[in-house]
Amino acid sequence: MPDPMIAKLQDWLRAHEQELLDDTIRMLQVPSIQGDPEPNAPYGKENRAALDLALRISDGFGMKTTDLEGHIGYAEFGHGERLVMSLGHLDVVAIGPGWKHAPFGAEIDEGYIYARGTTDDKGPTIASLYAMRAIKECCPNIPARMRQVFGCNEESGFGCVARYVQTEESPTFGVAPDSGWPLYHCEKGIANLEVTVPVSKGEMELLSVEGGQMPNIVIDSCSAKVRVSPSARRHVESKLADSWDRNITFAWDGDELGIFAIGKAHHGSQPFHGDSAAIRIFRFLEEITPLSTAHFYFELLRLTHIAGAGLGIAGADEVSKDLTCNLGIVKTIGDELSLLFNIRYPATWTGHQLEDMCLAHLKTLESGFKLRVTRDSPSLYFPLDHPLVKAIVDVYTEETGEVKEPGVMGGGTYARAIPNTVSIGTCWDGDGNAHQTDERYKVEHLFKASRIYAHIFYRLATM
């Protein structure tokens, strides 16, 4: 028999939908892209502003709030040994070009809110906060402590949760509303690999390459410049005459050739859904280079293979399937070229295995590539029969009538950094993808998510 408390919670949420929408819009209008650190604002003043707003809203709901030096904060209520926690993040990725709606305007157009962060992760975070508020208002004697966490550095390194775990309690049951329905019980390992190489000299000298904003975004624009010697000019011009890529433009300035490419941004866990402007540049260079410098540009292009083959790390396992490889940032530093790759590796692998495989392969190449691991976040895995997994699956089925298996993702959420935590869903068909232009969230889906979250939180607190 359905628990009447669930109906009470969801009726409360329906009665407060306009408040939920208003607070979501207020949060979306804060341009919380990571900036330069300031006192009590380690991730910049805008991320600080987003945290202040979240804590101010929570204070208004009568929750006890805690601010951990601007890294992360949380709101809490309830009593008991059990701690049920939801972790959302208020920081967003850079906006990039091509938006039709103001990236921080939070405009509503035909039933959708458009803004950076609507789906990743401000919309779901405020929906989660309202689900917590509903429990506070409707279940004052809930036999658990309920905690809503607001992170500020999820997109740029997880420094916020690193600060959290230094002093704060792990949940009995935790969720991170930042993935797909009903939940993801497995997250691939995530590593950032920086590969450096001396720039090519000779008849086609690589002077500069610049592109990318963050490791976990497919590069959507990239520029490069090469100097062509007189002996190679005729060859290069003949190749330029046959140029086929309409996403690339080029122009001569004396003996220097400037090149610009346009691609399509996407989340780095699925580079095949994007179109890397940097890969277009490297392919273009490989196609026009004279024979004397061909090997360098061939190895450089090969390095960017999105399955990791060019780094010697391609592979898969039965649990999480294929590795993916996204070239997120490329730049020249003096006489060196730096390429920062964001790798999503199989759940049964370790970061050390990945590093060893890459090092072994780079040693076989001739251009002098070197490797530095700048980040390694081990994988997350919960068995399908785990009580946390089963509870969330059961609630989702009860709410939607849909029987859906937990998923596996290449993306990384707070779940991998906090014990006893899995990531849960946020969106449905029609909602815009994270990290892309014109990110959007259907208003009705925001409300629907809040009702499902309330049911999940109540189940975890009382089961």
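A: Let's settle one term before starting: a residue counts as buried when its relative accessible area is under 20%. Keep in mind, too, that this is a predicted model.

A handy place to start is Ser450, which sits in helix 11. Its relative accessible area is 2%, so Ser450 is buried. Leaving aside residues up to four places away in sequence, Ser450 touches Leu13, Leu20, Ala127 and Ala131.

Now zoom out to the core. The largest nonpolar core has 86 residues, and the members that touch the most other members are Leu9, Ile135, Met146 and Phe457. Helix 11, spanning residues 443–462, puts in the largest share of this core, with 12 residues.

On the helix 1 side the contact uses Met5, Lys8, Leu9, Trp12 and Leu13, while helix 4 brings Tyr130, Ala131, Arg133, Ala134, Ile135, Glu137 and Cys138. Sorted by class, this contact of helix 1 with helix 4 has nine nonpolar residues, no polar ones and three charged ones.

Helix 11 has a packing partner of its own in helix 10 (residues 387–400), at an angle of about 140° and with axes 10 Å apart. Helix 10 and helix 11 are therefore oblique to each other. Their crossing is right-handed as well. Helix 10 makes this contact through Leu388, Ala391, Ile392, Asp394, Val395, Tyr396, Glu398, Glu399 and Thr400, and helix 11 through Lys448, Ile452, His455, Ile456, Arg459 and Leu460. By class, the contact of helix 10 with helix 11 comes out as eight nonpolar, two polar and five charged residues.

Then there's helix 2 (residues 17–28) against helix 3 (residues 45–60), packed at about 160° with their axes 10 Å apart. Anything over 145 degrees counts as roughly antiparallel, so helix 2 and helix 3 fall into that group. Here too the crossing is right-handed. Asp23, Arg26 and Met27 of helix 2 meet Ala50, Leu53, Ala54 and Ile57 of helix 3. That contact of helix 2 with helix 3 holds five nonpolar residues, two charged ones and no polar ones.

The loop between helix 2 and helix 3 gives us the next stop, as Asn40 is found there. Phi of Asn40 is near 65°, a positive value in a residue that isn't glycine. Most residues other than glycine have a negative phi, and most peptide bonds are trans. Asn40 is partly exposed, with a relative accessible area of 43%.

Glu110 is another residue with a positive phi, about 50°, despite not being a glycine. You'll find Glu110 in the loop between strand 4 (107–109) and strand 5. Its relative accessibility is 75%, so Glu110 counts as exposed.

Finally, the peptide bonds. Asp120 and Asp121 are joined by a cis one, with omega at about 10°. Asp121 belongs to the loop between strand 5 (112–114) and helix 4 (122–138). A cis bond also links Trp181 and Pro182, where omega is about -10°. Pro182 is in the loop that runs between strand 7 (173–179) and strand 8 (183–187).

How values were computed. Residues are numbered from 1 along each chain as its sequence is written. This is a predicted model: local features need pLDDT of at least 70, side-chain atom pairs count only at pLDDT 80 or more; totals for chains, interfaces and linings use all residues. Side-chain values use heavy atoms; hydrogens and water are left out. A nonpolar core is a set of buried Ala, Val, Leu, Ile, Met, Phe, Trp, Tyr and Cys residues joined through side-chain atoms within 4.5 Å. Buried means under 20% relative accessible area, exposed over 50%, partly exposed in between (1.4 Å probe, protein chains only). Helices (H or I, at least four residues) and strands (E, at least two) are DSSP runs, numbered from the N terminus. Axes are lines fitted to C-alpha atoms, for helices over the stretch in contact, and angles run from 0 to 180 degrees between N-to-C directions. Angles under 35 degrees count as roughly parallel, over 145 as roughly antiparallel, 65 to 115 as roughly perpendicular and the rest as oblique. A crossing is left-handed if the near helix is turned anticlockwise from the far one by less than a right angle, and right-handed if clockwise. Contact means heavy atoms within 4.5 Å. Ala, Val, Leu, Ile, Met, Phe, Trp, Tyr, Cys and Pro count as nonpolar, Asp, Glu, Lys and Arg as charged, and the others, Gly among them, as polar.
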